[in-house]
Amino acid sequence: MLRQVEGSKAVADTVACCRPEVICAYPISPQTHIVEGLSALVKSGELTGCEFVNVESEFAAMSVAIGASAAGARAYTATASQGLLYMSEAVYNASGLGLPIVMTVANRALGGPINIWNDHSDSMSQSDSGWIQLYAETNQEAADLHVQAFRIAEELSLPVMVCMDGFILTHAVERVDVPEQEQVDAFLPPFVPRQVLDPAAPVSIGAMVGPEAFMEVRYLAHANQMHALEVIPQVAREFAEIFGRDSGGLVRPYRCEDAETIIVALGSVLGTIKDVVDEQRERGVRIGVLGITSFRPFPLEAVRDALKDVKRVVVLEKALAVGIGGILAANVRTSRAGLDLKCYTVIAGLGGRAITKASLHGLFEQAGADALESLTFLDLDHDLVNRELAREKRTHRSGSPAENVLRDVGIVGARLVRRTANDQ
Amino acid sequence: MFQVRIHGRGGQGVVTAAELLSEAAFAEGHHAQAFPSFGSERTGAPVVAFCRIADSAIRVREPVMVPDALIVQDETLLEQVDVLSGLHSDGYVLINSTRTFAELGLGDLDVSDRTSGQLLTVPATELALEYLGRAVPNAVLLGAFAAQTYTVTLESVCDAIRGRFPAKLAEKNCAAAAAAYAIVKSQRKEPADA
């Protein structure tokens with residue numbers, strides 16, 4: 001049903017339609033309205049056959065999800081930021097055990113310094129955890145991806161993370177055609193586990209595997225994710241047949257035909273980029289954008305195919321691998337091996353810094369002239385950085401960089417609007 | 001696309017106002033996007049929320065930096081935050097105040113491109129106290145906004161309010177919004193009648 005609804009609420013209602021049997025969550029920041037909405041649906045009796053478990057930590061949330069899934073229940077949880085880090089050990093176990101848990105990550109930055117705002121540091125820190133990672137561009141896609149996630153997870157017996165931008169999507173109220181129960185029931189069959197803990201037929205899972213077989217088990221995990229490269233587009237096609245709209249899949253090319261420059265990005269920033277691409281296309285610039293929906297498995301071939309005739313690729317990402325630069329960019333660089341094109345990495349939007357159309361216009365113009373550094377930090381305040389660097393050069397005991405920089409910019413809360421306005 | 005920026009303080013229902021406006025626009029068949037400028041949620045802290053209204057899908061996710069309309073829920077913000085920044089030369093400004101623009105120190109705001117109704121103050125807190133018994137001016141200001149900009153109708157605003165709040169509270173808010181709507185309507189008529 002078409003509704004004007006908060007992203008978190010749309011996802012909560014959609015997850016409820018997926019008939020989860022166990023939802024476990026730690027109800028403290030960083031958490032979203034998603035599990036709050038789901039707990040209300042369980043309490044009111046609108047969501048039946050589901051146990052909502054209020055756990056004592058994110059580590060416990062994932063552990064309960066593992067136990068529930070191993071017992072044959074469809075399990076769901078949601079987290080973000082430090083919460084995802086805190087459950088990390090169990091995150092690896094869920095995928096290592098091959099348990100089809102679905103988890104929303106409402107993308108937020110990682111501390112320190114403490115920052116509650118949006119970027120992709122959290123999910124990127126778990127990109128090699130063995131989970132499938134799907135990134136939503138809009139709240140419509142966020143809702144749709146959850147329905148597809150359960151299908152994909154259960155078909156492959158692999159856990160799936162649905163990543164949606166914290167605040168930018170989770171707190172945005174916009175138009176969403178929220179999936180309806182009949183549609184979801186037609187698309188998503190009941191969970192038939194590949195492995196199950198059953199007191200009537202006792203087995204153990206999660207046994208120790210030594211050097212004689214560990215490589216093989218890990219290889220199988222990789223092969224299973226590679227198989228997802230076929231399953232994900234197939235599930236998206238079947239979704240389109242029932243729901244009548246395109247959502248999901250591996251990659252999303254937009255105006256890439258005859259493009260000389262292609263921007264590659266993940267998540268909600270794709271919307272802003274598309275507006276900028278449209279405006280530049282009107283001026284005759286041959287530019288397009290490639291959205292990556294499936295970051296794990298990474299669709300090397302699809303990306304390579306999209307880039308094969310372009311002069312340059314600009315990878316814009318909301319995460320930073322300290323000590324090397326881009327994370328998405330490193331993956332894109334792998335896909336373009338042997339292709340003759342320039343590759344620029346742009347780190348943008350860290351810790352909730354707004355990514356504006358004005359900044360993107362300037363950035364893409366620079367890229368078109370091949371005047372970009374290979375690694376660029378969009379809208380970095382160089383004066384601020386240089387002041388701190390000078391302090392550190394002057395004296396060894398220069399204090400905390402974060403505190404020093406904060407003092408330089410003044411009061412943070414009051415600065416937010418002024419700052420974006422002055423950037424015009 | 002019509003872009004609205006709402007300034008206020010934590011506890012004044014700033015984010016709710018943006019969401020209600022988006023719901024009213026949606027009910028009238030428009031695309032709309034409402035979102036807060038995300039900060040720590042503290043009572044009294046400056047809060048900003050945004051609402052975009054358009055007739056096609058809204059893809060952009062940047063904050064509203066060049067607003068077509070500004071709603072200022074708390075006049076004390078004028079001294080603390082640059083609320084007017086980026087305002088369109090012919091943009092609307094609606095301020096919750098018993099004072100005039102001149103008395104607020106905004107007398108030099110360029111009015112050359114604006115009609116008289118584009119710069120308005122409304123005693124929204126007083127109206128809220130009168131109708132709700134609480135100093136929450138958001139719904140009142142939305143009523144005034146509907147009369148000022150004709151972006152949405154008062155009926156759609158009230159429907160959105162009814163969809164959000166318990167019946168009793170909703171009706172009080174609707175009555176307050178209607179009162180503000182009537183005040184602005186009468187103010188807007190003055191130049192034509194004069």
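Start by selecting domain 1 and domain 2 of chain A: their C-alpha centres lie 27 Å apart. Chain A is divided into domain 1 (2-243), domain 2 (251-377) and domain 3 (382-422), with bounds that come from an automatic or database domain assignment. Keep in mind that this is a predicted model, where local features need pLDDT of at least 70 and side-chain atom pairs count only at pLDDT 80 or more, while totals for chains, interfaces and linings use all residues. Residues are numbered from 1 along each chain as its sequence is written, and chains are lettered from A and ligands numbered from 1 in the order in which they are written.

The contact takes 27 residues from domain 1 of chain A and 21 residues from domain 2 of chain A; two residues are in contact if their C-beta atoms, placed from the backbone, lie within 7 Å.

Helices (H or I, at least four residues) and strands (E, at least two) are DSSP runs, numbered from the N terminus. H9(A) gives the most to this side, with five residues.

Next, show chain B against chain A. Here the contact takes 27 residues from chain B and 28 residues from chain A. On the chain B side, pick out helix H1 (14-27), strand E2 (31-36) and strand E3 (46-54) of chain B, the elements that give two or more residues. E2(B) gives the most, with six residues.
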